[in-house]
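Please examine the sequence and the structure shown below.

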Amino acid sequence: MKLDLDEFDPVDKRERSNGTGISVLWYSLVIASIVFMVIGIFAGNPFIDYQTASTL
Amino acid sequence: MKFLFHYIRRTVQLFGVFLTNLYVGTVFQNQLNKGALKSVCVPFLYCHSCPTAPFACPIGLAQQYAAVRIFPFFLIGHLAIIGLFVGRMACGWICPFGLLQDLMFRARRQIKKIPAFLKHMPWVFLIVFSIALPFFTTEHWFSKLCPIGTLVAGIPWVLWNPIDPSTGSPTIAQGSINFIFYIKVIILIGCLAAFVVIKRPFCRFVCPMGLFWSFFNKTSLVKLHVGEGCNRGEGCKGVIRCQQKCPMDLKVYEDPNSPECVRCLECLATCDNVKVVCAWPGKSESAKSLEEAMVD
């Protein structure tokens, strides 16, 4: 019977769980950003009366 | 391939300069472009008041949102999307002011002793000058003092000063150049002097846009990885090569995904131990050397 050393490697396990956490965070942030953009479009954000600031 | 890499990055940076100065209509119209594209911002700091700027500045837009008291959903959303994919890469690859700083740094012995509090100054420029002051005073305070604005907008407009066709009088009225303009010029001269002796001081100690991007360096798709072979500067014969090449003066092996890293990838061309990882979260992909990444 072969022993799966990976299963007993705490460093590897930690990395694996960290990776899952990052991926959940990443996809959540992407969805949140898209939601922000949609809300912004409906709120008229891109059509804001943008008077440029004085350069003097 | 490696020797080509530096020139490829410089070419892309020059494209950034071209992109931000596309609007040549100002020369014929003699007035500031106020077209629809001015509501869209470029993903780096560049003055919206520059005579040839077709797009807005993200920090200029943020100030305007604060001044009119509207939450910038769209601005945050679309900048965050870019950050989630490439982190702070826009700073290293396309920002014209980053290019200027890269080109101006010439000191053989750069100033290394920099007060620690300066590292936190981008927070002050973001929260106080770009949000709080515009919110309470309705004035764009960061833009008023920004050295980029002075360089690409303030000085060109003052020197050119065309007759505005809508009013029939000079764009810059006589006597309208007040003390703030002279303060701006002094700030610009100070910045230009600092560029020669410090690596990218504006990006490190001022830029609110860089601060915003820095939150995404740890979670972006593009990441750096330092391999096992790295001896943390001990084998570099007195000069830590990655730090020497890094425009932000970072020791890459200390934190490959440091919030300060502008993802210029120059360290990949310098040291074989530094690799780039580009993978969708949840999917594993091996780290690639510069040559492998360029071929891909």
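In this predicted model, helix H6 of chain B spans residues 96-104 and has the buried residues Pro96(B), Phe97(B), Gly98(B), Leu99(B), Gln101(B) and Asp102(B). Buried means under 20% relative accessible area, with a 1.4 Å probe and protein chains only; helices are DSSP runs of H or I of at least four residues, numbered from the N terminus.

**Cover of helix H6**
- The buried residues of H6(B) are covered by elements of chain B including helix H1 (2-19), helix H9 (147-160), helix H10 (179-197) and helix H11 (201-205).

**Contact between the chains**
- Chain A contributes 24 residues and chain B 45 residues to the contact, which is defined by heavy atoms within 4.5 Å.
- About 2900 Å² is buried between chain A and chain B, and carbon and sulfur atoms give 72% of this area; buried area is the accessible area (1.4 Å probe) that two parts lose on being put together, summed over both.
- Zero salt bridges are counted between chain A and chain B, a salt bridge being a side-chain nitrogen of Lys or Arg within 4 Å of a carboxyl oxygen of Asp or Glu.

**Cysteines**
- Over all chains, zero disulfides are counted, a disulfide being a pair of cysteine sulfur atoms within 2.5 Å.
- Cys203(B) has its closest cysteine sulfur in Cys95(B), at 6.1 Å, which is too far for a bond.
- Cys203(B) counts as buried because its relative accessibility is 9%.

**Conventions**
- Residues are numbered from 1 along each chain as its sequence is written, and chains are lettered from A in the order in which they are written.
- Local features need pLDDT of at least 70, side-chain atom pairs count only at pLDDT 80 or more, and totals for chains, interfaces and linings use all residues; side-chain values use heavy atoms, leaving out hydrogens and water.

How values were computed:
Buried < 20%, exposed > 50% of the residue type's maximum accessible area, 1.4 Å probe, protein only. Helix = DSSP H or I, 4+ residues; strand = E, 2+ residues; numbered from the N terminus.
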